[in-house]
Amino acid sequence: MKTVPRITISDTHSIRILVCHLIYSLGCPLTKQQLAEITSLEQAVNYFDLMEALDGIEENLCTIAELDGDTQYANTKLGDAAARDFGSDLPASVREKMFEEAVKVFTRDAMKKDKLFAVRYAESLDGSCTIGVSIKDEITGKRKYYLNIYTDDKDSAEKIKDKIKEDPAKFSAYLNKYFE
């Protein structure tokens, strides 16, 4: 059974800051569906509160574009500034869980493009990084492994990402040997 975080976010302003923080931290736009999935983790943000916050977010904080039938949100310069200046005001427990879920969702969605592996990282406000690695089973096509790797800085994250991308079959074989 999922546990409810100690703190939930329900006011529109804080939800908008959380959305900007997630987009800024990942460094890429997120769809409405991805935002709903990420923020609903452990009921941190109510779906209807999120939809209300997204309705007015395009005024200053985000741009909205349609891509393949999905509404995508990307930060404006003001949205990036809001993430940097006010992201740390969000409750740490919710912010950290949402960030980890965002990396997981973003990595999973990259796998849907018929890849056998995906590796992405996102930088948090303190400069540390979370790397999401997802590997599919070559036979079944289903996700076999999902790993979060934490680093102190962006340079380390980039090195690890490059090393995995250099030879994903070798990395997958290492995991298979280690876990089986």
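The legends below describe close-up views of one predicted model. Residues are numbered from 1 along each chain as its sequence is written, and side-chain values use heavy atoms, with hydrogens and water left out. In this predicted model, local features need pLDDT of at least 70 and side-chain atom pairs count only at pLDDT 80 or more, while totals for chains, interfaces and linings use all residues.

**View 1. An open sheet of three strands, in the order E4-E5-E6, with antiparallel pairing.** The edge strands are E4 (117-123) and E6 (143-151), each of which pairs on one side only, and the twist from one strand to the next averages 15°. Strands are DSSP runs of E with at least two residues, helices are runs of H or I with at least four, and both are numbered from the N terminus; two strands pair if DSSP finds at least two bridges between them. Strand E5 (residues 129-136) runs antiparallel to E6 and is joined to E6 by eight bridges, and Ile131 has Ile149 in E6 as its bridge partner.

**View 2. Helices H6 and H7 against the sheet.** Helix H6 (residues 154-166) lies across E4, E5 and E6 and runs at about 175° to E4, whereas H7 lies across E4, E5 and E6 and runs at about 100° to E6. Axes are lines fitted to C-alpha atoms, for helices over the stretch in contact, and angles run from 0 to 180 degrees between N-to-C directions; contact means heavy atoms within 4.5 Å.

View 3. Glu158 counts as partly exposed because its relative accessible area is 27%, and Lys161 counts as buried because its value is 17%; buried means under 20%, exposed over 50%, and partly exposed in between, with a 1.4 Å probe and protein chains only.

**View 4. Tyr178, in helix H7 (residues 168-179).** Tyr178 counts as exposed because its relative accessibility is 57%.
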